[in-house]
Amino acid sequence: MASSTASFSFIHVFPRIPAKPKFHLKDLPGSGKRIDILCRGLAACFDWAPELISRTNIEYYAVLSDKITMKFTYSPECIGKGETWWASVIQRVLSGVNVDFCGKMDWNLETTMKSTTQDNFDLYVLDEKGTPIDTVLQHSNLSQNSFMVGDHRGFELDTRELLRDMNVQQVSLGETSYLGSHCIAQVISNYERISKS
Ligand SMILES: C[S@@+](CC[C@H](N)C(=O)[O-])C[C@H]1O[C@@H](n2cnc3c(N)ncnc32)[C@H](O)[C@@H]1O
């Protein structure tokens with residue numbers, strides 16, 4: 001199957017996950033303040049979903065406590081690994097260890113959003129009440145799209161205000177509320193279906 005040259009980035013927002021490596025690998029939801037959701041977002045980007053899109057054309061940003069942004073790119077090492085493996089990578093990077101497929105920047109959410117738009121990505125926010133995603137993908141240039149995703153509680157008030165101030169378009173995958181990782185997988189597979197038709 002031919003691969004697509006489209007690039008995707010996902011900005012997953014975690015206001016409750018501390019920017020510190022102090023969590024237990026055996027208790028990710030509790031001690032990690034739902035860092036398991038972040039690990040599943042990574043699996044959706046680099047392991048489960050893409051078929052036509054090259055995994056090397058996907059970037060995943062995790063914004064922790066509006067203080068630190070971790071940027072992940074593809075590595076063949078990540079295939080078939082589970083949440084605990086991803087969590088151990090996050091723990092190493094937050095402890096200051098260099099990992100070639102994950103960078104750590106002192107960027108808050110606004111800086112991360114602006115960096116994707118400066119790189120000429122069209123920025124959207126995933127929201128049940130938005131414009132149906134197929135409409136957006138069909139009318140976008142289908143080449144560089146960035147999607148923001150909330151955690152299990154959705155976006156906080158200050159993030160919603162920032163989204164309004166920056167005039168970020170809402171796009172929807174339907175009325176049902178899905179887990180963030182499933183939204184990421186669905187965006188990728190919707191794009192792949194549209195680009196094949
Ligand atoms: C588990 S949902 C958050 C649910 C939370 N209770 C709320 O009301 O926002 C996690 C994130 O996935 C995205 N999401 C979930 N379902 C969606 C849908 N049907 N369409 C678009 N985005 C969706 C949103 O970004 C949401 O913040």
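Me: How many bridges join strand S2 to S3, and do they run parallel or antiparallel?

Reply: Residues are numbered from 1 along each chain as its sequence is written. This is a predicted model, in which local features need pLDDT of at least 70, side-chain atom pairs count only at pLDDT 80 or more, and totals for chains, interfaces and linings use all residues. Strands (E, at least two residues) and helices (H or I, at least four) are DSSP runs, numbered from the N terminus. Two strands pair if DSSP finds at least two bridges between them. Here, five bridges join S2 (residues 58-64) to S3, and the two strands run antiparallel. Leu64 stands opposite Ile68 in S3.

Me: What do S2 and S3 form, and how many residues lie between them?

Reply: They form a hairpin with three residues between them. In its turn, Ser65 has a positive phi of about 55 degrees.

Me: Which strand do four bridges join to S3?

Reply: That is S4 (residues 102-105), antiparallel to S3. Within this pairing, Lys71 has Gly103 of S4 as its bridge partner.

Me: Is S3 mostly covered or uncovered?

Reply: A residue is buried if 20 or more other C-beta atoms, placed from the backbone, lie within 10 Å of its own. In S3 (residues 68-72), four of the five residues are buried, so the strand is mostly covered.

Me: Which residues come nearest to the ligand?

Reply: A residue is near a molecule if its C-beta atom, placed from the backbone, lies within 6 Å of it. Of the 18 residues around the ligand, Leu126, Gly150, Gly154, Leu173 and Tyr178 come nearest. Strand S5 (122-132) supplies the largest share of the shell, three residues.

Note on methods. Buried ≥ 20, exposed ≤ 12 C-beta atoms within 10 Å, placed from the backbone.
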